[in-house]
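Please look through the following model from one end of the chain to the other. The paragraphs below take up its helices, its ring pairs and its surface in turn.

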Amino acid sequence: KWNAKDFRATLQAYFLPASFIGAVGYIVKGLLTLTVLKYFLVSLPASLPAIYLGRYLNRKLKDGAFFSYVYWGLILIGLFLIVNSIYRIDQ
């Protein structure tokens with residue numbers, strides 16, 4: 001029974017430290033290469049407009065609509081993962 005604001009804040013509070021810890025693990029394992037950093041830097045400018053677009057849409061959505069989009073997003077991601085695991089091409 002959270003509202004959309006509390007839900008997003010909780011996700012941010014979880015994913016920020018989890019992503020930081022994951023990045024440290026990638027560095028320790030040597031998975032953070034110059035190529036990965038290059039792709040990160042190339043994608044960074046796209047994140048700035050996305051942040052402002054997200055804030056704009058956040059103000060326009062009501063709590064019920066927000067959770068509807070979240071649930072549909074989770075369903076689509078779940079379906080994608082199922083289809084991907086069924087038709088996975090082994091490398």
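Helices here are DSSP runs of H or I with at least four residues, and strands are runs of E with at least two, numbered from the N terminus. Arg 8 is found in helix 1. The model is predicted, so local features need pLDDT of at least 70 and side-chain atom pairs count only at pLDDT 80 or more, while totals for chains, interfaces and linings use all residues. Residues are numbered from 1 along each chain as its sequence is written, and side-chain values use heavy atoms, with hydrogens and water left out.

The expected span of a helix is 1.5 Å times one less than its number of residues. Helix 1 is followed by Gly 30, which has a positive phi, near 80°. Helix 2 (residues 34–60) has 27 residues and should span 39 Å; its end C-alpha atoms are 39 Å apart, again in agreement.

The aromatic rings come next. A pair of aromatic rings is described by the distance of the centres and the angle of the planes. Rings of Phe, Tyr and Trp (its six-membered ring) pair if their centres lie within 6.5 Å; planes under 30 degrees apart count as stacked, over 60 as edge-to-face and the rest as tilted. By this rule there are 5 aromatic pairs. Phe 7 and Phe 66 have ring centres 5.8 Å apart and planes at 70°, so they are edge-to-face. This pair links distant parts of the chain, since Phe 7 lies in helix 1 (residues 4–29) and Phe 66 in helix 3, 59 residues apart. The rings of Phe 7 and Phe 67 are also edge-to-face, because their centres are 5.4 Å apart and their planes at 65°. Here too distant parts of the chain are linked, with Phe 67 in helix 3 and 60 residues from Phe 7 in helix 1. Ring pairs link Phe 7, Phe 66, Phe 67 and Tyr 71 into a cluster.

How accessible are these side chains? Buried means under 20% relative accessible area, exposed over 50%, and partly exposed in between (1.4 Å probe, protein chains only). Phe 66, at 12%, is buried, and so is Phe 67, at 17%. Arg 8 is partly exposed, with 23%. In helix 3 (residues 63–86), Leu 76 is exposed at 56%. Leu 79, likewise in helix 3, counts as partly exposed at 47%.

The C-alpha atoms of Leu 79 and Pro 45 are separated by 30 Å, at 34 residues apart along the chain. Arg 8 and Trp 72 are 64 residues apart in sequence and 16 Å apart in space, C-alpha to C-alpha.
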